[in-house]
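Welcome! Here is a friendly briefing to read alongside the sequence and the 3D view.

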Amino acid sequence: MSQLLNKAKNFVSEKVNEMAKPEASVSNVDFKRVSKDSLEYLVKVAVRNPYSTSIPICEIRYSFKSASREIASGTIPDPGFLKSKDTTMVDVPVKVPYSILMSLARDIGADWDIDYQLDISLIIDLPVIGNFTIPLSHTGEIKLPTLSTMFA
């Protein structure tokens, strides 16, 4: 009886692994605004939903790193739904405190940018399967705003 149960588990596990799953990619990281204590960047994440039903996003977690240090992190609870059989753009606002930027002065240097690594976890609720995490990692270089971009 236990062999039959194990075969059934393996069969279901294989079928679940073969199912199409949502996929995500970072499409843009852009300066959004300046506040009294931080710079805010807006990360646009494109998430493709292969299913014929919309899927709720339970949570988004992010970690923004530069020079091997975490400079911003956060959680966005219940950010909405993924459209059925479509690509949904999800906005992830990232606030970088000025105090952290001052400690990264060497990396900023003459070119006035930050080399970064952005790790994002999109936690979605798939029917039958339950919570499913889409891990996403993106590296790049982001320009710090100049006076002309802040007041344009």
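Which residues does Glu-59 touch, not counting residues up to four places away in sequence? They are Thr-75, Ile-76, Asp-78, Pro-79, Ser-121, Leu-122 and Ile-123, where contact means heavy atoms within 4.5 Å. This is a predicted model, in which local features need pLDDT of at least 70, side-chain atom pairs count only at pLDDT 80 or more, and totals for chains, interfaces and linings use all residues. Residues are numbered from 1 along each chain as its sequence is written, and side-chain values use heavy atoms, with hydrogens and water left out.

**The chain as a whole**

- The chain has four helices and seven strands; these are DSSP runs numbered from the N terminus, with helices (H or I) of at least four residues and strands (E) of at least two.
- Along the sequence, the elements follow the pattern α-β-β-β-β-β-α-α-β-β-α.
- Of the 152 residues in the chain, 34% count as buried, that is, under 20% relative accessible area, with over 50% called exposed and values in between partly exposed (1.4 Å probe, protein chains only).
- The chain exposes about 9,300 Å², and carbon and sulfur atoms supply 54% of that area; accessible areas come from the Shrake-Rupley method with a 1.4 Å probe, and for residues only the protein chains shown count as cover.
- Among contacts with a separation of 6 or more, 67% join residues 24 or more positions apart.

**The S1-S2-S5 sheet**

- Three strands make an open sheet in the order S1-S2-S5, with antiparallel pairing; two strands pair if DSSP finds at least two bridges between them.
- Strand S1 (23–34) and strand S5 (86–97) are the edge strands, each pairing on one side only.
- Ten bridges join S1 to strand S2 (residues 38–49), and the two run antiparallel.
- Within this pairing, Asn-28 has Lys-44 in S2 as its bridge partner.

- Arg-61 stands opposite Ser-121 in S6.
- S6 also pairs with strand S7 (residues 130–143) in the antiparallel sense, over 14 bridges, and Ile-123 stands opposite Thr-133 in S7.
- S6 and S7 form a hairpin with three residues between them, and Val-128 in the turn has a positive phi of about 75°.

**Two residues in S3**

- Glu-59 lies in strand S3, and its side chain makes a polar contact with the side chain of Arg-61 (2.8 Å).
- A polar contact is a pair of N or O atoms within 3.5 Å; within protein, one must be able to donate a hydrogen and the other to accept it, and residues adjacent in sequence count only if both atoms are side-chain atoms.
- Ser-66 lies in strand S3 (residues 55–66) and is buried, with a relative accessible area of 1%.
- The side chain of Ser-66 reaches the backbone oxygen of Asp-115 at 2.8 Å.

**The nonpolar core**

- The largest nonpolar core has 32 residues, and Val-43, Val-45 and Ile-120 have the most contacts inside it; such a core is a set of buried Ala, Val, Leu, Ile, Met, Phe, Trp, Tyr and Cys residues joined through side-chain atoms within 4.5 Å.
- S6 gives the most to this core, with seven residues.
- Not counting residues up to four places away in sequence, Ile-120 touches several residues, including Val-26, Val-43, Val-45, Ile-60 and Leu-136.
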